[in-house]
Amino acid sequence: MRSFTRQQKQLLLLLSPATLFLGIFFLGPLLIMAVYSLLEPGLYGGVEWNFYHWNYGRVLGWADGFYEEFDIVYLQILLRSAGLALLTVLVTLAFCYPVAFWISRLPSRRKSLCIFLIALPFFSSMIIRLYAWILILRDSGFANQILMSLGLISEPLDLMYSGTAVIIGMVYIFIPFMFLPVYSSVENLDPKLIKASQDLGATPFTTFRRVIFPMTLPGVVSGCILVFIPALGNFVVPAMLGGAKVVMIGNLVEQQFLAARNWPFGATLSMVMIAFMLLVVSIYLLKAMKNPQHS
Amino acid sequence: MSAQQPSPDFLKIKKAYRHFVTPEGGTVRALDGIDLSVASNEFITLLGPSGCGKTTLLNIIAGFERLDRGEILLAGTSLLESPPHRRPVNTVFQSYALFPHLNIGDNVGYGLDVAGVAKKERNQRVAEALEMVGLSGVEKRKPSQLSGGQQQRVALARAIINRPKMLLLDEPLSALDRNLRGKMQIELKNLQAELGICFLFVTHDQEEALTMSDRIVVLNEGKVEQLGTPDEIYHRPASRFVTEFIGESNIFSGTVVASDGQLARVNVGGTEVLCTQQNLTPGEQVSLLLRPEHFQLQSADQPNGSTGISAVLEQSVFIGRDHQLHCRMPNGQPLSALIRSSLSGIKPGQALTLEYDPAAWHVIPGVAGERRA
């Protein structure tokens, strides 16, 4: 038995609650899912304890070994979800980056107010806020009423239950996740560096490319990851605003567990989604680490 | 060295005004009608207390702030319409403002990179600039790996690499310790002579200004109090403000008792002093300056001459080479004297006679009586 130094013991003591919690409530369920994904689904729900790899085969397109029924619908859904999550990332970033700059230039009291307003939606339930969006987007909703009373459209637009509605809802839900890390990196950017760059002859665009963007990249990377991961797995927004038209990977998992009662296949879809996320995020992190930032 | 003849009107500032509104709603006149001409090879210092407008003026020349009205010409062309990146001036910032995500070579080469200078020439000029500031071979390091003094040199190299027509320095030495600051002052002066360009140096440290400058502009509340060589500023201050801001000073308010056109007798609080001043008329109220180093301690064996001030010693402080004497005149006015000789046998409470040279007095213009600047 190796003995620990005092410092190591203290560290162990401090870390043990988090380690225990994550070990039991995060790794445990993950392990159960990993095992389930390799078991045969029972006829009336539940699992048969046989090793069964066709769950994964089905995700990739082969239904239970019937080669003639090759169908990549699940991969399509995964890719569509990834595309939607990416679009959410890009829209939230495009929205948050300039706003973060604007807010960082405000006097400190108004700055705090703006940050409070950005974080305000967290105080109420996401479901309630999405219901509000239904009121706004439906045929007789506020958006259509305003557009029609302005005479811009003569018939109500079909906003609800579309990809557009899902994007609007996702962007709305995930803006704070993008804003906070981006804002903190923008706020920490020394305005003197921008002045120095201009002084040395750089145009505003060059200054952005060579100084502002690289210096705020860590915040942008964190924001993108914080939005991409939950956006990819989100099923509430597509379920409420997308209806049956927009099925995302999250909805699929939900349906497998709750409606189809095919737990092994739901677990398999989750595992594939997790693997996909890890792949995307590690590519992203590797790229970001290639130009190491200041310490 | 510059091959061209230096032009005396290289930088011309005409009637420059700039005001700010404070958060409380007040108005601060940062520049209140500044007129200034600077030569193309001059080391000129803007000196003044914080809030006097010196940094505002520097920022306006660099292009980071605008002017309310007035004109700034550099080599005959107006600067005001160009954005900062098109102005042929470069700045050394107070906190250096080195790019933390770039190494030293890329920091110094930044100006050349954004100008699209070819790699080979760029690397050569980076090495040259670093050599010029005495910091060769650090290209691959990060700014955070250098000491404050080294970062200062990098900032300097980065600012001169574009071969600016004029270098703006915003209190660049204020973060350095005293010894290093003294060394950098001399190096800056040498660098300026070597480059043959105009250095516009901003500082609140009068010692620094006196050491380095060809000329000093003393600013107060947005106005030029005095423009002159360090010698003029120190020995012939143009106002009470300059007198008090530059060096240690004894300021006396008095009335001229008699004047024969050469020598004047002035009554300062009951003590009559003699000073060599031609244009004083009897009855006139004047403010007189005598620097502490112009006093000498009268030895006991000398007869009491007419060019001495009696005072009581309150405290004496040894400051390395000189003794600083804090005395009080009979009318209660404090007096400060720097004495080189040894002070054996002199104790606080003792009455002294402090001798002066009548030619050392300076009449501070524009101020009569006890009015505070």
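Which residue of S14(B) is the bridge partner of B:Gly254? The partner is B:Val286.

**The five-stranded sheet of chain B**

In chain B, 5 strands make up an open sheet, ordered S13-S12-S11-S14-S20, with antiparallel pairing. Its edges are strand S13 (271-276) and strand S20 (362-363) of chain B, each of which pairs on one side only. Strand S11 of chain B covers residues 250-259 and is joined to strand S14, residues 285-290 of chain B, by 6 bridges in the antiparallel sense. The pair B:Gly254 and B:Val286 belongs to this pairing of S11(B) with S14(B).

S11(B) also pairs with strand S12 (residues 263-268) of chain B, again antiparallel, through 4 bridges. Here B:Thr255 has B:Asn267 of S12(B) as its bridge partner. S11(B) and S12(B) form a hairpin with 3 residues between the strands, and B:Gly261 in this hairpin takes a positive phi near 90°.

**Strands S1, S2 and S4 of chain B**

Strand S1 (residues 11-21) of chain B has antiparallel pairings with strand S2 (residues 27-38) of chain B and with strand S4 (residues 69-74) of chain B. The pairing with S2(B) has 9 bridges, and in it B:Arg18 stands opposite B:Leu31. The pairing with S4(B) has 5 bridges, and B:Leu11 has B:Leu74 as its bridge partner there. S1(B) and S2(B) form a hairpin with 5 residues between them, and B:Gly25 in the turn has a positive phi of about 100°.

| Strand pair | Bridges | Residue pair |
|---|---|---|
| S11(B) and S14(B) | 6 bridges | B:Gly254 and B:Val286 |
| S11(B) and S12(B) | 4 bridges | B:Thr255 and B:Asn267 |
| S1(B) and S2(B) | 9 bridges | B:Arg18 and B:Leu31 |
| S1(B) and S4(B) | 5 bridges | B:Leu11 and B:Leu74 |

In soluble globular proteins, nonpolar side chains tend to be buried together. The largest nonpolar core in this model has 78 residues, and the members that touch the most others are B:Ile61, B:Ala157, B:Met166, B:Leu167, B:Leu168 and B:Leu200. Helix H5 (residues 148-160) of chain B gives the most to this core, namely 6 residues. Beyond its neighbours within four places in sequence, B:Leu168 is in contact with B:Leu58, B:Ile61, B:Ala62, B:Val89, B:Thr91 and B:Leu200. A second, separate core has 44 residues, among them A:Leu84, A:Ile173, A:Phe179 and A:Val246.

**Chain A**

Chain A has 12 helices and 2 strands. Along the sequence, these elements follow the pattern α-β-β-α-α-α-α-α-α-α-α-α-α-α. The C-alpha atoms of chain A fill a box of roughly 80 × 70 × 35 Å along the principal axes. Chain A has 295 residues, of which 28% count as buried. Of its contacts between residues at least 6 apart in sequence, 65% join residues at least 24 apart.

A:Gly46 sits in the loop between strand S1 (39-41) and strand S2 (47-51) of chain A. A:Gly46 counts as exposed because it has 12 C-beta neighbours inside 10 Å, and a residue with 12 or fewer falls in that class.

Helix H4 (residues 108-119) of chain A has 12 residues and spans 17 Å from first to last C-alpha, close to the 16 Å expected at 1.5 Å a residue. The number of buried residues in H4(A) is 0, so this helix lies largely in the open.

The mean pLDDT of chain A is 87, with 95% of residues at 70 or more. Confidence in chain A is lowest in helix H2 (residues 54-60), at a mean of 83, and highest in H8(A), at 94. Where pLDDT is low, the predicted coordinates should not be read in detail.

**The contact between the chains**

The contact takes 18 residues from chain A and 19 residues from chain B. On the chain A side, helix H8 (191-199) and helix H9 (204-233) each supply at least two residues. H8(A) gives the largest share of that side, 6 residues. By type, the chain A side divides into 7 nonpolar, 7 polar and 4 charged residues.

Definitions and conventions: Residues numbered from 1 in each chain as written. Chains lettered and ligands numbered in written order. Pairing = 2+ DSSP bridges. Contact = placed C-beta atoms within 7 Å. Nonpolar A, V, L, I, M, F, W, Y, C, P; charged D, E, K, R; others polar. pLDDT = per-residue confidence, 0-100. Buried ≥ 20, exposed ≤ 12 C-beta atoms within 10 Å, placed from the backbone. Core = buried A, V, L, I, M, F, W, Y, C linked by C-beta atoms within 7 Å. Expected span 1.5 Å × (residues − 1).
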